[in-house]
Amino acid sequence: MLVLLVITSDITTIAAVPLCNNDVIASLTPCLGFIKGVAVPAAECCSGARSLASQVSGEGDRQAVCQCLKGVLTRIGPYDPNRIPLIGPKCGISVSIPPVDANTDCSG
């Protein structure tokens, strides 16, 4: 019975991590125009970023989001990774997002 409790606890922890396709991509797809050069993020971008920020609660979540972005952004064509950290301030969200590209180290 003790083993069952440990497994249940691990499943709960895994389920809490934002899912790449369902959470991260769906939330941040409206931000593509902004990271590709549009002057102001769309309202939908800010709404999605705010929603995603509310789901990220720890280092594991941040690493999962970073890994997801790293994998997805390499497939969208040219973009400016230095615009990614601007999403939080431009949307009035207190969140730190690093410039993510193919060489980003998501472990820290």
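Is Cys31 buried or exposed? Cys31 is buried, at a relative accessible area of 2% (buried is under 20%, exposed over 50%, partly exposed in between, using a 1.4 Å probe and protein chains only). Keep in mind that this is a predicted model, where local features need pLDDT of at least 70, side-chain atom pairs count only at pLDDT 80 or more, and totals for chains, interfaces and linings use all residues. Residues are numbered from 1 along each chain as its sequence is written, and side-chain values use heavy atoms, leaving out hydrogens and water.

**Disulfides**
- A search of the whole structure turns up 4 disulfides (pairs of cysteine sulfur atoms within 2.5 Å).
- Cys31 pairs with Cys45, sulfur to sulfur 2.0 Å, and this link is right-handed, with 100° about the S-S bond.
- Cys31 sits in the loop between H2 and helix H3 (32-35) and Cys45 in helix H4 (residues 43-55), so the pair ties together parts 14 residues apart in sequence (helices are DSSP runs of H or I, at least four residues; strands are runs of E, at least two; both are numbered from the N terminus).
- Cys45 is buried too, at 0%.
- Another disulfide joins Cys66 to Cys106; its torsion is about -70°, so it is left-handed.

**Tyr79**
- Tyr79 lies in the loop between helix H5 (59-73) and helix H6 (87-91), and is buried at 18%.
- Its contacts (heavy atoms within 4.5 Å) include Ile35, Leu73 and Val100, not counting residues up to four places away in sequence.
- The backbone oxygen of Val100 lies 2.7 Å from a polar atom of the Tyr79 side chain.

Key
A polar contact is a pair of N or O atoms within 3.5 Å; within protein, one must be able to donate a hydrogen and the other to accept it, and residues adjacent in sequence count only if both atoms are side-chain atoms.
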